[in-house]
Amino acid sequence: VLKTWRNFVNRGRIASDLDEELASAFDQLVSERIAAGEAPDAARQAVRRELGSTPAIRDRVRDVRAGALVDAFLWDVRYGARLLGRNPVFALTAALSLAIGIGAATSIFTVANGLLLRAAPGVADPDTLIDISEIDRGQPMANPMVAYRTFLDLRERMTTVDGLYVQQGVPEAVTFGGAGDTQRVFATIVSSTYFELLGIRPAAGRLFDASDFDETSASRLAVLSHAFWMHQFRGDRAIVGDTIVLNGEPFGVVGVAPEGFWGTSVVSADMWLLVGAVHFDGKMAIDHRFFTVRDADWGLLGARLKAGVSRAQAAAELDAISAALERDYPNEYGGRSYLVARASPIPPSLRFVLGGFLAVLLGLVSLVLFVACANVAGVLLARSAARRQEIAVRVAIGAGRTRLVRQLLTETLLLFLAGGFAGLVVARGMTTLLLKLLPVFPVPIALAFPLDGRVAASAAVITFVAAVLCGLAPALHVAKADVVRGLKADIQGPSTGRLLWPDENPIGKFIRWPSTSAEPSPTTFQVVGVATDVRRAGVPVVRERRVAAPGNAPPVVVPPLQSSMSRCNSGTRRS
Amino acid sequence: MSNRRATLLQGTLDLLILKALAAGDLHGLGVSRRIQQLTGGTFVVQPGSLFPALHRLEEAGWLASTWDVSENNRRAKYYRLTRTGRKQLVEETSLWKQISLAIDQALEV
C-alpha cells in the first residue's frame, strides 16, 4: 500500500524517468550503429525496429509497478469524464433518471433508518438502549403500552438492566400560563429515571434524577424542551428555579433539555413532568386507573442494558418474569409477554407493521430504479454499438478484453456516481418534503431522517449494484466486438443507420421490449417503451469517433494498422 | 524457435538479470548484453521484456538504480544489486541448481 501511494505521488517523475531511460537506450544503440558506419537515418530506423514500440514498453513497465491498477483507473476516469463531457445531454439525462431511481430508493431507506434502525436523536450510547413492548401472546402487533404498575413490577424484578424508564405514550395536553394569557402545550409524564438512563445532559439547570420521587402527587416539577424554552422564554436562564403555571397549578422549572432532543418517540413534547405531578383529583387529573391497575395502556417502556448484557439475555429474563407475573396476577397478566428491541422512535411491537409498509414501498420504488437502469442500459448499449469502431481500433493496437470491460465499466460507474450523488440530494429533498407534507396530528410529531453513514452506505450499494447490473451487459457486448468487422464498418462508413442488429441486443434476452411484445399494457412497460425510444433517438447524439491508444493512455499515436494487426494476430498482448 | 526461447527465458529472466548485475552496475542495455554474453548468445532479451523485468525487480527491492553517465557520455539509468537482491540471487541459484540437476537426471534415465 505504501508503495502504491509512493508510486502514485511520484508517478510524474517515474514516467519521465522511464522515458529518459528508454531514450538513452535508443540513443546508445543509434550511436553504436553510426560508429559502425551506418547512415544516421538508417541507423535510427533499424534501432526503432529492434526496440519495438516504445509506448508498448512503457505500458508494460507501468503494469508491473505497484498501483498500476490505480493508475489505469485514473486514466479510465479521466477518459470517461471527457466522453461524458462531450455528450452533456446524454450524461445529464442518464444521471437524472438514475438520480430519481436511486433517490427514491434511498429516501425510503432513510425513513426506515430514522424510524426503525436509529435511536431518537440526542441519546447517549444508543447500542445499549432497548425498548420493551407489552404484547398479548400470539399477537406481536399489539398495542405496546403498559400500565404504570407494570413498570413498577418490571423495575423490581429485572436484573439485566441498569434501570427502567417509562414515558407516557400519548402526551398530555395542558394549559400553560394563567390569568387570561393561556395556551395549550403538550407535556409528557416520565419516570425520574428517564433522562439519566438516556444519558441526556441539560442545556440549563438540571434534569430529573434520582433525587426526584416517583410517587403520584409527590412533586410539581417540570423540564422544558429546548424549543419551548427558546420560543417561550427566549432562552432566558433565569427561568430555571422559577415557577410556571400548568392547568392553573404552579410547577417549578428545574432545567432545560438540550437542543435536538425532543423525547424518545415520534411525539415531541414541550415539557416533561414527573409521575409525581399526577394526581387524581383537581385540575391535573389523570384517569387513576392508569396508575392503580396492571392492565391499562398508558406508557412506553425503555431500559439501559447492563454492561456486557445482550438484548437476547434481557428478552430471556423478561420471558421468565412475565411467566412469574402471570402466576402472581393471573387476571391482569394472563397471556401477556414482552418484546425487546434496539431503541428507536417506533415501539417494537409496531415495527412489523411499519417495516412491512416500508418494504412494500421499497419494492415499488425498486421498480422505478429498475426502469431507470433499463433506460440507461439501453442508451449505453446504443452508444456501444456506435463505438464499435473505436473499440476495434483499440483491440487492434493491443488492448485486452478485461482492460476494455474495465474501462467501459468505469465509464458507467462514473455515470452512476453522478446519479448516486444526485440521488442523495433527491433523497434529502424528498424526506424534507415528506416532513413538510405530514398531516396535522392531534399531538405534535417530530421525525428525524438524518443522512447518516448507514444511508450513504445504502445509497452507495444501491448505486454500485445498479451500475454493475446495467453496465456489464453493454461492456461485455462491446468487448466481444469483432475487430475485423468493426474496422470494416469504418471503411464502409458507419452512417448506415443500422446500429443494433436484432440478435445483438443482449438485454433482449432478459426484457421483452414492448416493440416486440404483443400487449404492452402496464405503466412499467410503457416507461420501458420510452426507454427504448430514447435508446433509438439517442444513437446519433452519442456516436463516438475518437481513436484512443491502447491501455487508454491519452497520446493518440496510431501506428499503421496493418503492422499492428499482424502483431496482434501473433499473440494478444495482456494489458 | 524464437517463441520457445522466449518461454524458456521467462522463468529464468529474473535470475539472469540478478546474475548479470552481480559483477557490477549496468544500465538496461548493458544488462541485456551481459546476459547475451554470459549465456554464449543463447538468450537475447528483448527490450519489451527487459525493462518491465528491471522495474519489477526494483519494485521488489532487489535492485536499486542511480543516474550516471554512460560510455557515450549520455545520462543513463544504472542498476545495482541491493543486499536483499544478493540474497535472492544466492537463493534462486541454489533453487535453479536443484531443478537443473533434477531435470538432468530425469533426462538421462
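Analyst: Let's start with a definition: a salt bridge is a side-chain nitrogen of Lys or Arg within 4 Å of a carboxyl oxygen of Asp or Glu. This is a predicted model, where local features need pLDDT of at least 70, side-chain atom pairs count only at pLDDT 80 or more, and totals for chains, interfaces and linings use all residues. Residues count from 1 along each chain as written, chains are lettered from A and ligands numbered from 1 in written order, and side-chain values use heavy atoms, without hydrogens or water.

User: Okay, how many salt bridges does the structure hold over all chains?

Analyst: The total over all chains is 15. Three salt bridges are found across the interface of chain A and chain B. In one salt bridge, A:Glu21 pairs with B:Lys77, with 3.8 Å between the closest N and O atoms.

User: And within chain A, which side chain does A:Asp127 meet in a salt bridge?

Analyst: A:Asp127 meets A:Arg342, at 2.8 Å from N to O. The partners are 215 residues apart and link distant parts of the chain: A:Asp127 is in the loop between α6 and β1 (129–136) of chain A, and A:Arg342 is in strand β11 (residues 336–342) of chain A. Those labels are DSSP runs numbered from the N terminus (helices H or I, at least four residues; strands E, at least two).

User: What about the whole A–B interface: how many residues are in contact?

Analyst: On chain A 23 residues touch 21 residues of chain B, contact meaning heavy atoms within 4.5 Å. About 2100 Å² is buried between chain A and chain B, and carbon and sulfur atoms give 52% of that; buried area is the accessible area (1.4 Å probe) lost on putting two parts together, summed over both.

User: How do I read helix packing there?

Analyst: Two packed helices are described by the angle between their axes and the distance between the axes. Axes are fitted to C-alpha atoms (for helices, over the stretch in contact), with angles from 0 to 180 degrees between N-to-C directions. Helix α4 (residues 54–64) of chain A and helix α3 (residues 47–60) of chain B cross at roughly 25 degrees, their axes coming within 8 Å. So α4(A) and α3(B) are roughly parallel (under 35 degrees; over 145 is roughly antiparallel, 65 to 115 roughly perpendicular, the rest oblique). Residues meeting here include A:Ile57 and A:Arg60 from α4(A), and B:Phe51 and B:Glu59 from α3(B).
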